[in-house]
Amino acid sequence: MSQAQASRAAGDSNPDRATRLKLYRTMLEVRLVEKRAYDLFMQNLIKGTSHLALGQEAIAAGFGVAMRRDDYTFCTYRGHAHTLVRGASMVGVLGELMGRECGLMAGKGGSMHLTSAEHGALGSYAIVGAHLPIAAGAAWSAQYRGTEQVAVCFFGDGATNIGAFHEALNLAAVWKLPVVFVCENNLYMEYTPIGAVTAVPHPAADRAAAYGLDSIIVDGNDVDAVYAVAMRTLARARAGEGPSLVEAKTYRHSGHSRADPGKYRPTPEVEAWMKRDPLPTYRHRLLELAIPDAELAAIEGDVRARVDAATEAARKSPPPPVELAFTQVWADGGFAWRN
Amino acid sequence: MEELTYREAVARGIAQEMARDQSVVFLGEDIASAGGVFKTTGGLLERFGPKRVRDTPISEQAIVGAAVGAAMTGLRPIAEIMFSDFLAVCWDIVANEMAKMRYMTNGQVTMPVVIRTANGAGSRFGAQHSQSVENWAMMVPGLKVVAPSTPADVIGLLAAAVRDPDPVLFFEHKSLYGTKGLVPEDTLVDQLGKAKVLRQGSDVTLAALAAMVPRALAAAERLASEHGVSATVVDVRSLVPLDTATLLREIQHTGRLVTIEENPRLCGWGAEIVSIAAHEIFYSLDGPALRITTPHLPLPSADNLEDAVLPTVDRIVKEIVETFD
């Protein structure tokens, strides 16, 4: 049993050294892949749109490290991070963004639909709120099959105002489903402050009571805090005690999407949040915990090299064969609608 | 063989598949304790228990979403949407998620979901509980669409739909629930994508679906006895996949095509069949194709108003006879 597993088995919410290094590495992997995605956009090697999780890495990493290998992830169009942390390859992610054959879905899904079923990453959903009931369904299936798997469903603050959010929360609570709903509240619903369009100050946590759930707010920029909440809510779900709704406060460093420079956000607000960047703050904490700088630098060098190698591999991968457009509508592999 | 109602056939079909396969689960509003608002699902809760037969809140997105998530993780759910009109409130999950997931993920996930729903007019329920919406589903790549007209087809096609690895929208016709038919007593499994020739004629081929099938058969009787017109009647049964082989063969045989559709006029399934026939067997046609549909209207409620807009046997006979004038 690894240290991390032992710590988990003991229900210890204060991560051990190995877990902390894993959390740091995982956040860094997301950070550097997202930055690379941005660079590749600027080089016009990635088309379409893209919604980066720069600044929000601690939520994906905290949950990703805490989850069991066979748990399920459901996430949104801002889903590169959540797909990567489950173990999907960087080349598969970058290749998909670039529309290459090596992509996770060989170019058929694109940035907003990253999926790696073999890693339990069961889809990135581009219609706001749609995946909350679907995650509840996966949790229902786990409950029915008695596997103690948990579905974790990530969504933005904007999703708390759509009907599917409320339908899914209610069903999950009534059926006591093993699902953890995680609201990544980055304060803006696309271009509009969430507070300006929501009746309560905490868009997710203030709604929890309506479904008989605890109000849980966590600092989404503190990966240790996210990890602790993840361990607690996953254990509750696995024990058959039902769903949780977590609101993680965070901030995106860039705009909503590729098309958005994010000019609507006041400069002092942006500056304040940049000081709370989850990566440098966590690096600082690790140094304070007497983890040698050289050890962190080694991780950083390794992740950088892996992102570079993945980028090169994705660039060298050919575009998918055109015939692929006509496959996989049906389980027989084809798309025939008549005989 | 034994005689069952179309309504009883629904429960029979679900039970047949639940007894065979533990991964088949069933969810919907009022389907368990109450046995369904159309009394189509009585006895299933008692036989298969509350773990497999689950009442839900009035939450169509949660119902279909839960079915989708369960299907992606190894179950074969049957979800009931009480009235097909209510598909509009969960259409995102149906058309954007369930239908496209396999394609978008390049085959990483399989989606064996069946959505059963009560479709169609005849019960004087007005514009929001009477529509024929099978064409909504037919237009979305990735959905299979079935609409049985007899108790035997309900069982056989439902079994085929449950066993199919792709999502199937299963349109039961609410005005057929009380109709009776003979069904075999042992396991019945049909095939999706197969039309059925119910009557062979020589002058005109009538293609009909669901509640329009018995009307087409009645019209064919009157065409023969009163007008000397001999009609073939094809029950289309499956819109996706569409059995164009059977349809085109039967149209070529008579040289004339009439579609009998309950749906409002625009973009009905019949238009697709007419278009295929016009393109592929144009030189076998002896006259213009005719589409008999409900006019492009919402449905009214009063008896005489609803009867006035739906294709009745009288109207079917009259419009067909006119094409022979």
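How do the axes of helix H2 (residues 17-42) and helix H5 (residues 90-98) of chain A cross, and within what distance do they come? This is a predicted model, in which local features need pLDDT of at least 70 and side-chain atom pairs count only at pLDDT 80 or more, while totals for chains, interfaces and linings use all residues. Residues are numbered from 1 along each chain as its sequence is written, with chains lettered from A and ligands numbered from 1 in the order in which they are written.

Back to the two helices: their axes come within 11 Å and cross at roughly 25 degrees. Helices here (H or I, at least four residues) and strands (E, at least two) are DSSP runs, numbered from the N terminus. Axes are lines fitted to C-alpha atoms, for helices over the stretch in contact, and angles run from 0 to 180 degrees between N-to-C directions. H2(A) and H5(A) are therefore roughly parallel to each other (angles under 35 degrees count as roughly parallel, over 145 as roughly antiparallel, 65 to 115 as roughly perpendicular and the rest as oblique). On the H2(A) side, A:Val33, A:Arg36, A:Ala37 and A:Leu40 meet A:Met90, A:Val93, A:Leu94, A:Leu97 and A:Met98 of H5(A); two residues are in contact if their C-beta atoms, placed from the backbone, lie within 7 Å.

Elsewhere in chain A, strand E4 (residues 179-185) is mostly covered, with seven of its seven residues buried. A residue counts as buried if 20 or more other C-beta atoms lie within 10 Å of its own, as exposed if 12 or fewer do, and as partly exposed in between, with C-beta atoms placed from the backbone. From E4(A), A:Val179, A:Phe181, A:Cys183 and A:Asn185 point one way, and A:Val180, A:Val182 and A:Glu184 point the other way. Strand E3 (residues 151-156) of chain A runs parallel to E4(A), joined by six bridges; strands pair if DSSP finds at least two bridges between them. Strand E8 (residues 244-249) of chain A also pairs with E4(A) in the parallel sense, over six bridges. A:Val180 stands opposite A:Val152, and its bridge partner in E8(A) is A:Ser244.

Now for chain B. The contact between the chains takes 42 residues from chain B and 38 from chain A. On the chain B side, helices H3 (60-72), H4 (91-98), H5 (101-104) and H9 (244-254) are the elements that give two or more residues. The largest share of that side, nine residues, comes from H3(B).

Chain B also has an open sheet of five strands, in the order E9-E11-E10-E13-E14, with mixed pairing. E9 and E14 (290-294) stand at the edges with a single partner strand each, so one side of each is left without a neighbour in the sheet. Neighbouring strands are turned by 25 degrees against each other on average, direction ignored. Within the sheet, E10(B) and E11(B) run parallel and are joined by five bridges; B:Val204 has B:Ala231 as its bridge partner in E11(B). H9(B) packs on the sheet, touching E9, E10, E11 and E13, and its direction makes about 175 degrees with that of E11(B). H10(B) packs on the sheet too, touching E10, E13 and E14. Among the residues of H9(B), B:Thr246, B:Leu247, B:Leu248, B:Glu250, B:Ile251 and B:Thr254 are buried. Just after H9(B), B:Gly255 takes a positive phi of about 85 degrees.
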